[in-house]
Amino acid sequence: YKHGKRDGVYELYNPAIGKRIVRNEYRDGELEGKQQIWDAATGETMLVDMTWRGGKQTGYSKLGSVEESYRNGRLHGTRRNYTVDDP
């Protein structure tokens with residue numbers, strides 16, 4: 001923290017598996033730089049890989065049932081929403 005706002009690298013680890021599951025870079029309280037999130041259970045599958053510049057993201061996200069890509073803060077390509085049908 002700097003002047004009461006996040007500033008620098010924030011990392012979160014899952015102690016049960018001993019792996020990092022979140023890595024975000026902040027400047028003046030805002031995401032600025034890399035944002036990466038991995039599957040919390042295994043730490044293996046990357047779910048978010050974004051780069052933030054000036055409040056706009058570029059990269060990939062697959063959280064929950066939604067998969068999407070961004071370029072310069074705008075949705076880029078097709079947003080996919082996955083559902084599960086009960087038999």
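User: What kind of model is it?
Analyst: It is a predicted model, where local features need pLDDT of at least 70, side-chain atom pairs count only at pLDDT 80 or more, and totals for chains, interfaces and linings use all residues. Residues are numbered from 1 along each chain as its sequence is written, and side-chain values use heavy atoms, with hydrogens and water left out.

User: Which residues make up the largest nonpolar core?
Analyst: Tyr26, Leu31, Val48, Met50, Trp52 and Tyr70. A nonpolar core is a set of buried Ala, Val, Leu, Ile, Met, Phe, Trp, Tyr and Cys residues joined through side-chain atoms within 4.5 Å. Buried means under 20% relative accessible area, exposed over 50%, partly exposed in between (1.4 Å probe, protein chains only).

User: Which strand gives the largest share of this core?
Analyst: Strand 4 (residues 46-53), with three residues. Strands are DSSP runs of E, at least two residues, numbered from the N terminus.

User: OK, Gln35. Buried or exposed?
Analyst: Buried, because its relative accessible area is 13%. Gln35 is in strand 3 (residues 30-38).

User: What does the Gln35 side chain join up with in a polar contact?
Analyst: The side chain of Trp52, at 2.9 Å. A polar contact is a pair of N or O atoms within 3.5 Å; within protein, one must be able to donate a hydrogen and the other to accept it, and residues adjacent in sequence count only if both atoms are side-chain atoms. Beyond four places in sequence, Gln35 is also in contact (heavy atoms within 4.5 Å) with residues including Arg23, Val48 and Met50.

User: Switching to charges. How many salt bridges are there?
Analyst: Seven. A salt bridge is a side-chain nitrogen of Lys or Arg within 4 Å of a carboxyl oxygen of Asp or Glu.

User: Which residues are linked in a network?
Analyst: Glu11, Arg20, Arg23 and Glu25. Glu11 pairs with Arg20, with the closest N and O atoms 2.7 Å apart. Arg23 meets Glu25, also at 2.7 Å, N to O. Arg23 is buried because its relative accessible area is 18%, whereas Glu25 is partly exposed at 23%.

User: And what about Glu44 and Lys19?
Analyst: Their side chains form a salt bridge at 1.9 Å, N to O. The pair links distant parts of the chain, 25 residues apart: Glu44 is in the loop between strand 3 and strand 4, and Lys19 is in strand 2 (residues 19-27). Glu44 counts as exposed because its relative accessible area is 53%.

Terms used:
Helices (H or I, at least four residues) and strands (E, at least two) are DSSP runs, numbered from the N terminus.
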